[in-house]
Amino acid sequence: MTESVTRPLHAAIAAQLQAQQGWLAFDAFMQMALYEPGLGYYSNDRRKIGLMPARELAEAGPNGDKQSTEGSDFATAPEMSALFGRSIAAQILEVLEHTGTDCVYEFGAGNGTLARDILQTLGPRVRHYYIVDVSLALRERQAQTLAEFGDQVQWLAELPEALEGVLLGNEVLDAMPVKLIVQKQGQWFERGVALDASQNFVWADRPTAHTAPIEVHCEQDYVTEIHPWADAFVRTTSERLKKGAAIWIDYGFSEHEFYHPQRHMGTLVCHFQHQMDDLPLQQVGLKDITAHVNFTAVAVTAQQAGLEVLGYTSQARFLANCGIAALLEQAPLAQRIMGAKLLHEHEMGELFKVIMLGAGPFWEPLGFINGDRTHTL
């Protein structure tokens, strides 16, 4: 699998580089590295999502069997604990009841685990559970995971012009291509990719009009990201949401935190076999490439498209507001241990944030009753 992915993907990117006079903006490189048909990380057949193979899983599948994690690169919250989806289901149900809708649209549904946990919790209250996912390999896994729900689950090749219900994305925005920009002695450059004499991918910077959205004062070179692809996604989904709410869950910061001078190396990271590095030009097609989310930009973009910011808080606070404590009390010890990782500050509880955007007048959702941080955006 390694050579069959990396060699043709390298050749495809190299050809694109030559077509662009030897320089490719990093967001274009990242788009190909992740999504090039049949070759990119999310388009090839390698297994991506699961817990570490050496770790015994505390979460059992619906039939009591332990999930296979061989070859996975990273774990998401739904894979760690079914209590994640069951807690989110409480917020989804409130949105459906408040807005008189009955559909869920999940973007980037991974192995289908979150969808399964939500549907097992809400049952027929969700008339249609739509999945939007660019990865054919992951859609096949989702179909296996969700076979028991029949036509209740459907896959969309393109997004409808009008959406009503709940839009849901867990670790979706972080997987969208980003532009890399670098400030050197007060001047901004865009960091792109070129080829050296040995045909290896290398960094190459060019002067640019792109800058960070706020002024950055840093005595050393300052590398960071801007998010035009995520902004476009939020704008499109926000414009099409006519009734209901969007819930985006991801790791990230408010704008002030994101562009802090101490974060001078940026947030871009890669994941491969549960190891992290900052070398996206190596093992292309075999590694996930992600960047943290600027939640201030998400909020502003949604507001410009006509939505209200209904809440913004940490994942730990959101899950607590949605009743995860009661679920933990009822769960077996092993499942409580895994579920607690969703809440611990040094695990996922603080780094991950939840933002909820609504079509129509403002109202206070369940997940943000305590600990709302909208004022920090």
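How many cavities of 30 Å³ or more does a search of the whole structure find? The search finds two, a cavity being a set of points, on a 1 Å grid over the protein atoms alone, where a 1.4 Å probe fits but cannot get out. The structure is a predicted model, in which local features need pLDDT of at least 70 and side-chain atom pairs count only at pLDDT 80 or more, while totals for chains, interfaces and linings use all residues. Residues are numbered from 1 along each chain as its sequence is written, and side-chain values use heavy atoms, with hydrogens and water left out.

The largest cavity has a volume of about 40 Å³, a volume being the space filled by probe spheres set on the grid points, which are joined across faces, edges and corners. Its lining (residues with an atom within 4 Å of a point) consists of His227, Ala230, Asp231, Val293, Asn294, Ala297 and Val298. At least two of the lining residues come from each of α7 (228–240), β14 (293–294) and α9 (295–304), where helices (H or I, at least four residues) and strands (E, at least two) are DSSP runs numbered from the N terminus.

Helices α7 and α9 also pack against each other, at an angle of about 35 degrees and with their axes 9 Å apart; the axes are lines fitted to C-alpha atoms over the stretch in contact, and angles run from 0 to 180 degrees between N-to-C directions. The contact, defined by heavy atoms within 4.5 Å, involves Asp231, Val234, Arg235 and Ser238 of α7 together with Ala297, Val298, Thr301 and Ala302 of α9.

Strand β11 (residues 269–272) is joined to the antiparallel β12 by three bridges, and cysteine 270 has aspartate 277 of β12 as its bridge partner.

A further antiparallel pair is formed by β7 (residues 187–195) and β8 (residues 201–207), which are joined by seven bridges, with phenylalanine 201 in β8 as the bridge partner of leucine 195. These two strands form a hairpin with five residues between them, and glutamine 199 in the turn has a positive phi of about 65 degrees.

How values were computed:
1 Å grid on protein atoms, 1.4 Å probe; cavity = no way out; pocket = protein on both sides within 12 Å on 5 of 7 lines; lining within 4 Å. Pairing = 2+ DSSP bridges.
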